[in-house]
Amino acid sequence: MDTLIVPGQRMRLLGSGAIVTVGRRIGAGGQGVVHVVQLGEASFAVKWFRPNLRQEGFRACIEALVRRGRPPHEAFVWPIDLVEPLDAGPEGFGYLMRLVEPRFVPIPQVLNERQQPSFRVLATIGRELVEAMAALHATGLCYRDFSFGNVWVDPATAQIAVLDNDNIGSEGGEVFVKGTGRFMAPEILRDEALPSTVTDLHSLAVLLFFVLVHGHPLLGARVDSSYTWEGGGHLTELELLLEHFGRDPLFVFDPTDAANRPVPGDRMLVWWELYPEFVRQVFTRAFTVGLRDATLGGRVTEGVWRRVLLRLHDSVWSCPRCGAEVFHDPDRRGSPCWACRLPLPVPPLLHLPNGRELVLGEGAELTDHHLTGGRGAPVVLGRVEAHPGRPGQVVLRNVGGRAWRVAPDGETLKAVHPGQRLGVRAMSLDFGPARAWITAGDG
Amino acid sequence: MTAHDTPTLRMPGGGISRRPLHLILLADCSGGMKGEKIQALNYAIADMLAQLAIWDRAQEQAQVFVRAVAFATEAVWHIPAPTPVVDLRWRPLQPVPRGLTNMGTAFQLVAEALAPGRIERRALRPALLLITDGLATDPPGRFEAGLNALLATPAGRGALRLSVAIGRDARSEALNRFIGDPSVPVLVADSTSDISDRLVVASLAVSRMSEAGADRAALADRLFGHGGPGDSIFGQDTII
Ligand SMILES: [Zn+2]
């Protein structure tokens with residue numbers, strides 16, 4: 001009997017009893033196939049697995065995900081219901097999930113574009129990855145196979161879609177997948193551990209490094225020199241994987257061992273330099289301590305990544321000399337612009353509650369999250385725009401619903417009503433829910 | 001690309017740091033290829049390159065560079081410099097009137113390109129794709145001499161060697177000797193998806209360790225052996 005489903009077949013949803021009609025095939029792999037299906041007017045997708053030896057356990061795990069109902073985060077393309085053939089159909093089994101819209105593309109495709117996303121978009125993509133993983137881990141589940149194959153992004157909104165949710169489960173549960181080599185934690189490659197929340201955190205760090213630094217954190221000169229075409233030719237790629245990602249991994253920017261630095265000309269060298277110190281520190285922790293200490297304490301957790309990526313988003317502005325997009329790094333005053341090499345001045349800064357600082361660069365947005373914390377979709381309250389009359393200077397437009405009270409240094413108290421623009425200069429501000437102040441910078 | 005970007009935005013660029021994957025095409029332009037055969041050859045290459053370009057952009061492991069040799073009585077570089085597949089526009093080849101099918105001379109040319117020091121250390125194992133109607137007409141000993149020169153280079157020996165037969169009467173004896181692995185079939189020109197999938201799968205460390213606790217050696221065979229059913233790289237169980 002055939003083991004795959006074909007267009008035109010009808011299938012029953014086990015939970016709801018509804019009938020779906022199989023449409024065209026949109027994916028195929030070793031495990032099975034993915035087809036579009038119609039449920040009345042609505043389109044969904046069905047992932048259908050070929051029969052395999054451990055089918056019963058696998059099916060039970062997916063059933064458990066279905067029973068949970070809503071996914072922990074909207075990014076997950078969660079199993080909605082199990083499906084079975086209506087009439088005599090193929091062996092094997094499958095599940096229904098939402099159809100991923102075409103606006104989602106593989107993350108590398110976005111990073112490899114000639115016109116690549118802005119720093120703010122990169123930081124947002126990273127944070128969306130973190131939010132999705134945080135929500136999953138907070139419910140006690142782990143993903144187990146986090147890689148670029150399974151996480152897609154909408155470059156316009158930075159929303160992500162996490163695919164292949166069938167490997168999600170609770171820690172200690174039955175494991176059907178060990179991961180994707182380059183993203184796997186060293187202890188899994190060494191056969192000392194199975195995928196878990198802790199190993200997910202390593203995979204997350206690798207993904208974030210790819211998104212921000214545009215390379216693999218363990219692929220440097222030392223790995224390069226182990227490749228050879230002489231003698232017996234290349235070691236097998238599997239041997240290299242086990243050696244450099246499993247038995248003896250070394251971070252390309254390890255502060256105490258420079259043996260595995262990116263090779264000359266590698267783009268990672270450019271990208272790494274332009275990030276603020278607080279970003280580089282957290283990556284360094286993830287790929288030094290985090291490589292060796294496979295615990296929740298040793299690895300960088302989502303809460304830490306969230307803070308770092310929010311702060312990074314707030315640090316974007318542009319070089320006043322050449323216009324290149326840059327980050328403000330409070331720990332490295334006067335560091336050079338990556339594009340024109342001239343030292344960067346201190347930008348105008350909005351100092352917020354809880355020690356947060358928002359660089360008032362063109363395009364920056366002040367949201368309710370800045371004032372009162374909070375999660376979910378942010379509400380934009382202020383937007384930084386170019387000063388209409390003074391090139392190089394900026395204004396902060398009130399795009400929220402309430403007036404701000406401001407006290408510029410040496411001036412009287414003023415009100416900034418909704419829609420009005422405020423020339424950025426040293427001052428104190430009262431936004432209502434929170435107070436803040438602006439320092440003018442030295443640009 | 002998106003609403004967030006302005007045309008004036010200056011960014012470091014350069015894409016993801018990836019390992020080079022060299023693909024060298026050896027295309028048969030003998031007189032016997034005229035008509036439908038050369039059209040089939042050009043179609044197969046253009047379609048395969050288009051699929052490789054899509055794959056190239058969408059992943060973080062390898063950057064595909066393409067070169068091409070056109071051979072008949074003599075072999076010449078059609079694309080001499082390694083060219084990123086995403087930048088490549090295939091210029092159709094024409095058959096050489098009364099040109100012979102001397103494969104040995106093409107192997108010699110490729111052997112020079114894969115000589116020690118000519119290919120990056122970090123490059124993935126290169127892929128060589130021979131596209132022909134299979135009727136080698138080399139003078140005695142020349143086919144073997146060319147193939148031996150190719151196999152004498154470590155990169156040539158390590159390369160994935162595939163061939164595509166053009167035409168129903170394609171003979172595969174020469175092609176099988178080029179491939180050097182009885183488990184790898186000669187491909188046919190209407191299976192361009194299969195060709196690009198095989199290139200990618202066999203050249204990369206595609207290391208999705210599906211079965212927990214699976215025997216490493218068996219796994220290595222499955223990952224790095226030639227072909228194998230259902231290894232579609234475009235799949236990886238993601239939705240296209
Ligand atoms: Zn500059």
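In this predicted model, the axes of helix H3 (residues 119-138) of chain A and helix H5 (residues 197-213) of chain A come within 10 Å and cross at roughly 170°. Angles over 145 degrees count as roughly antiparallel, and H3(A) and H5(A) are therefore roughly antiparallel to each other. On the H3(A) side the contact includes Leu122(A), Ile125(A), Leu129(A) and Val130(A). On the H5(A) side it includes Leu201(A), Leu204(A), Leu208(A) and Leu212(A). By class, this contact has 12 nonpolar, three polar and one charged residues.

Two packed helices are described by the angle between their axes and the distance between the axes.

| Helix pair | Axes come within | Crossing angle |
|---|---|---|
| H3(A) and H5(A) | 10 Å | roughly 170° |
| H3(A) and H11(A) | 9 Å | roughly 160° |
| H5(A) and H9(A) | 11 Å | roughly 145° |

Helix H11 of chain A covers residues 302-313. H3(A) and H11(A) are roughly antiparallel to each other, and their crossing is left-handed. From H3(A), residues such as Arg120(A), Arg127(A), Glu131(A) and His137(A) take part in the contact. Among the residues of H11(A) that they meet are Glu302(A), Trp305(A), Arg306(A) and His313(A). The residues of this contact divide into eight nonpolar, four polar and five charged.

Helix H9 of chain A covers residues 277-286. The crossing of H5(A) and H9(A) is left-handed. H5(A) contributes Ala205(A), Leu208(A), Phe209(A), Leu212(A) and Val213(A), while H9(A) contributes Val279(A), Phe283(A) and Ala286(A). By class, the contact has eight nonpolar, no polar and no charged residues. Leu208(A) and Leu212(A) of H5(A) take part in this contact, and both are also listed in the contact of H5(A) with H3(A).

**Sheets in chains A and B**

In chain A, six strands form an open sheet in the order S16-S15-S24-S23-S20-S21, with antiparallel pairing. Its edge strands are strand S16 (357-359) and strand S21 (414-416) of chain A, each of which pairs on one side only. Neighbouring strands of this sheet are turned by 25° against each other on average, direction ignored. One of the pairings joins strand S15 (residues 349-351) of chain A to S16(A) in the antiparallel sense over three bridges. Here Leu349(A) stands opposite Val359(A) in S16(A).

Chain B has an open sheet of six strands in the order S3-S2-S1-S4-S5-S6, and its pairing is mixed. S3 and strand S6 (187-188) of chain B stand at the edges with a single partner strand each, so one side of each is left without a neighbour in the sheet. Strand S2 (residues 62-71) of chain B and strand S3 (residues 75-84) of chain B run antiparallel and are joined by six bridges. A hairpin of three residues connects S2(B) to S3(B). Across this pairing, Phe65(B) stands opposite Pro84(B), and Val66(B) stands opposite Thr83(B).

**An aromatic pair**

Over all chains, a search of the whole structure finds 26 aromatic pairs. One of them is formed by Phe148(A) and Phe183(A), which are edge-to-face at 5.6 Å centre to centre with 80° between the planes. Which parts of chain A does this pair tie together? Phe148(A) lies in the loop between strand S8 (141-142) and strand S9 (151-153) of chain A, and Phe183(A) lies in the loop between strand S12 (179-180) and helix H4 (186-189) of chain A, so the pair ties together parts that are 35 residues apart in sequence.

Key
Residues numbered from 1 in each chain as written. Chains lettered and ligands numbered in written order. Predicted model: local features only at pLDDT ≥ 70, side-chain atom pairs only at ≥ 80, totals over all residues. Heavy atoms only, no water. Axes fitted to C-alpha atoms, helices over the stretch in contact; angles between N-to-C directions. Helix = DSSP H or I, 4+ residues; strand = E, 2+ residues; numbered from the N terminus. Left-handed = near helix turned anticlockwise from the far one by under 90°. Contact = heavy atoms within 4.5 Å. Nonpolar A, V, L, I, M, F, W, Y, C, P; charged D, E, K, R; others polar. Parallel < 35°, antiparallel > 145°, perpendicular 65-115°, else oblique. Pairing = 2+ DSSP bridges. Phe/Tyr/Trp six-rings, centres within 6.5 Å; stacked < 30°, edge-to-face > 60°.
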